[in-house]
2 protein chains.
Amino acid sequence: MQNILFGVSYLGTNYAGWQKQDNALSIQEVIENAFEQICNKKVEIFASGRTDAGVHAYEQCFNAQVNFQPVSKLPQALNSKLPQDIRILWAKPVGNDFHARFSAHKKTYIYRLSTQEIESPFDSFLTTYVPHNLNFKAMQQACEHFLGEHNFKSFCSAHTTAKDFIRTIYSLNINKTDNVYEFEICGNGFLYNMVRIIVGTLVEVGRGKIKPEQIADIFAKQDRKFAGKTMPAKALILKKVDY
Amino acid sequence: MQNILFGVSYLGTNYAGWQKQDNALSIQEVIENAFEQICNKKVEIFASGRTDAGVHAYEQCFNAQVNFQPVSKLPQALNSKLPQDIRILWAKPVGNDFHARFSAHKKTYIYRLSTQEIESPFDSFLTTYVPHNLNFKAMQQACEHFLGEHNFKSFCSAHTTAKDFIRTIYSLNINKTDNVYEFEICGNGFLYNMVRIIVGTLVEVGRGKIKPEQIADIFAKQDRKFAGKTMPAKALILKKVDY
């Protein structure tokens, strides 16, 4: 048995999120089924974190104790048992104390939204349509208020079970191409719905309903109801996990 | 009644092609149903050309005789009755003798293929995977042999009903990014499966099975069996129609 770290890309559209659950198909379950087929025994996998229903990943990471040689053939073997919307990208041996969740240093997420009146069929499954003109400069100013270490309780779903709300954001940038905005946020960890609530708050800034300098007040409240809406899952993509 | 020209974008994945048919859902039928709902009468639409089952369009064009004011609100009205994978982009009045098919001067198609060992879930519905290394330079050389006016009978499905196989290709270029090849071809018209067979032939050139200078011989045969395979529909996109 070897502790192996894997990179995996998936479209979350057809799944009830990463985590295994009754009555709904999860990405974890589908991957564990693939392991069972190639290893002839049950294998439990441990992700860097759950992604919610509908959320995608360019490169999510998970580790597992696996008995399979050579390790370099594991992606191909697993992919042959997986649907096309889940692809194992790579596999590499790691130390026995390595855990995809607890060993992670940084995670980067992307959120895509469009203010185009007519949403392209080619973009729609990865982009949220917002029917408003947005003030790009005000949103960029607001981004700066999220940088560094903060208590993110105001930017976390009230349904969380978390007790520690302190997280550090290393970068938060917005790229704009035509009428498509791509938010990229990197931090040491993210609370339940945190990226989607931060983007929802930035959209309120873009609409002029919240001023950039009010972000500090929202942090101070430590109350979910003062932040913006939770944006839809379908436009959230886990870009990468750094170890 | 006014003759109106429309631009429409669609993902062909869920449809049996453009043309209306029994027992299968076509893009034409879905759009005609939307017209019937907003105009309270049957409306027949005429496309620049059929696209096959699974083929996509960034901008297909069609015209129709429509009684609806103002014309500028037609896209919004139709889109409210259409599924998200079909979007009307614009509408403009044209002369009574204008026909989306017969008035077209040029069409441009894109075909995407990847030689990456692991196909990204984000690309797979728009990209064909080819499990071979391809000689990019040889494919580029072969492209030049397609330019200008030729009899394309060798590059047309044997199931065609066409009698005139003379077409003119204005440009044929390949863009390569990492291991994804994007073929862009512009011509005055295309026969049944013609783009997919040209790309299939270029892939054979890339694999070294056909030499670039043999393209002229294949044209001369006027026989489908000497050209390469018909590539899958899912990676073919009608980019635009010029009038």
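## Basis of the model

Because the model is predicted, local features need pLDDT of at least 70 and side-chain atom pairs count only at pLDDT 80 or more, while totals for chains, interfaces and linings use all residues. Residues are numbered from 1 along each chain as its sequence is written, chains are lettered from A and ligands numbered from 1 in the order in which they are written, and side-chain values use heavy atoms, with hydrogens and water left out.

## The contact between chains A and B

Chain B and chain A each bring 25 residues to their contact, where contact means heavy atoms within 4.5 Å. Together the two chains bury about 1600 Å², with 73% of it on carbon and sulfur atoms; buried area is the accessible area (1.4 Å probe) that two parts lose on being put together, summed over both. Ile118(B), Pro121(B) and Phe122(B) supply 44% of the area that chain B buries against chain A, more than any other three residues.

The count of salt bridges between chain B and chain A is zero, a salt bridge being a side-chain nitrogen of Lys or Arg within 4 Å of a carboxyl oxygen of Asp or Glu. On the side of chain B that touches chain A, the elements giving two or more residues are strand S1 (2–10), S3, H2 and strand S4 (86–93), and S4(B) gives the largest share, four residues. Helices (H or I, at least four residues) and strands (E, at least two) are DSSP runs, numbered from the N terminus.

## Helix H3 of chain B

In helix H3 (residues 136–144) of chain B, the buried residues are Ala138(B), Met139(B), Ala142(B) and Cys143(B). Seen down the axis of H3(B), these buried residues fall within an arc of 150 degrees, so they line one face of the helix; the arc is that of the directions from the helix axis to the C-beta atoms. On the other side of H3(B), Lys137(B) and Glu144(B) are exposed. Buried means under 20% relative accessible area, exposed over 50%, and partly exposed in between (1.4 Å probe, protein chains only).

The buried residues of H3(B) pack against strand S8 (166–177), strand S9 (180–187), helix H4 (194–206) and H5 of chain B.

## Salt bridges within chain B

Over all chains, a search of the whole structure finds 18 salt bridges. One of them joins the side chains of Arg196(B) and Asp52(B) (3.2 Å, N to O), and this pair links distant parts of the chain, with Arg196(B) in helix H4 and Asp52(B) in the loop between strand S2 (46–47) and S3, 144 residues apart. Arg196(B) is buried at 13% relative accessibility, whereas Asp52(B) is partly exposed at 23%.

Arg112(B) also forms a salt bridge, with Glu182(B), the closest N and O atoms being 3.2 Å apart. Arg112(B) lies in strand S5 (residues 106–114) and Glu182(B) in strand S9 of chain B, so the pair ties together parts that are 70 residues apart in sequence.

Most residues other than glycine have a negative phi, and most peptide bonds are trans. The peptide bond from Gln69(A) to Pro70(A), however, is cis, with omega near -10 degrees, and Pro70(A) is found in the loop between strand S3 (56–66) and helix H2 (74–79) of chain A. In chain B the bond from Gln69(B) to Pro70(B) is cis, with omega near -10 degrees.

Asp178(A), although not a glycine, has a positive phi of about 50 degrees; Asp178(A) is found in the loop between strand S8 (166–177) and strand S9 (180–187) of chain A and counts as exposed at 61% relative accessibility.
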